[in-house]
Amino acid sequence: QVQLVESGGGLVQAGGSLRLSCAASGRTFSTYAMGWFRQAPGKEREFVAGITWRGGRTYYADSVKGRFTISRDNAKNTMYLQMNNLKPDDTAVYSCAVDRYPRREYVVNSRTDYNVWGQGTQVTVSS
């Protein structure tokens, strides 16, 4: 059974940092781009960051550019999101996802381009 499990969320003060992990099991995702999305209460799920299957290209939402860094370790079948200088507006449930198609050499940022999702991890940033 294919499964994505996020971890690393929690409560942090504004200006603090967290590192999220997304561990994949059941099959390898090393030939698929992956991404992070988030959903705040009462809002639509939005794209945060994505990374190509070999890790050579990354793409960020404007709201997190310069503060968040996405990376992956294909040997460990794990993806990461380093979040620095967190703001209260970053409060949301963060979910990782896998691209619908293999070996895309660019990052896609639409929810419909991803077809495997984790359950999410809560990130709360206090002011």
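The protein chain carries 16 positive side chains (Lys and Arg) and 10 negative ones (Asp and Glu), with His and the chain ends not counted. The centres of the two sets lie 4 Å apart, each charge being placed at NZ of Lys, CZ of Arg, CG of Asp or CD of Glu. The model is predicted, with local features requiring pLDDT of at least 70 and side-chain atom pairs pLDDT 80 or more, while totals for chains, interfaces and linings use all residues. Residues are numbered from 1 along each chain as its sequence is written, and side-chain values use heavy atoms, leaving out hydrogens and water.

Turning to the fold, the protein chain has eleven strands and zero helices, where strands (E, at least two residues) and helices (H or I, at least four) are DSSP runs numbered from the N terminus. With a radius of gyration of 13 Å, close to the 14 Å that the globule rule gives for 127 residues, the protein chain is as compact as a globular protein of that length; the radius is taken over C-alpha atoms, and the rule is 2.2 Å times the number of residues to the power 0.38. Of these 127 residues, 45% are buried, meaning under 20% relative accessible area with a 1.4 Å probe, protein chains only.

Pairing requires at least two DSSP bridges between strands. β4 pairs in the antiparallel sense with β9 (residues 92-102) over seven bridges, and Tyr 32 stands opposite Pro 102. Antiparallel pairing also joins β4 to β5 (residues 46-51), over five bridges, with Ala 49 as the bridge partner of Trp 36. Six residues separate β4 and β5 in a hairpin, and Gly 42 in the turn has a positive phi of about 75°.

Terms used:
Buried means under 20% relative accessible area, exposed over 50%, partly exposed in between (1.4 Å probe, protein chains only).
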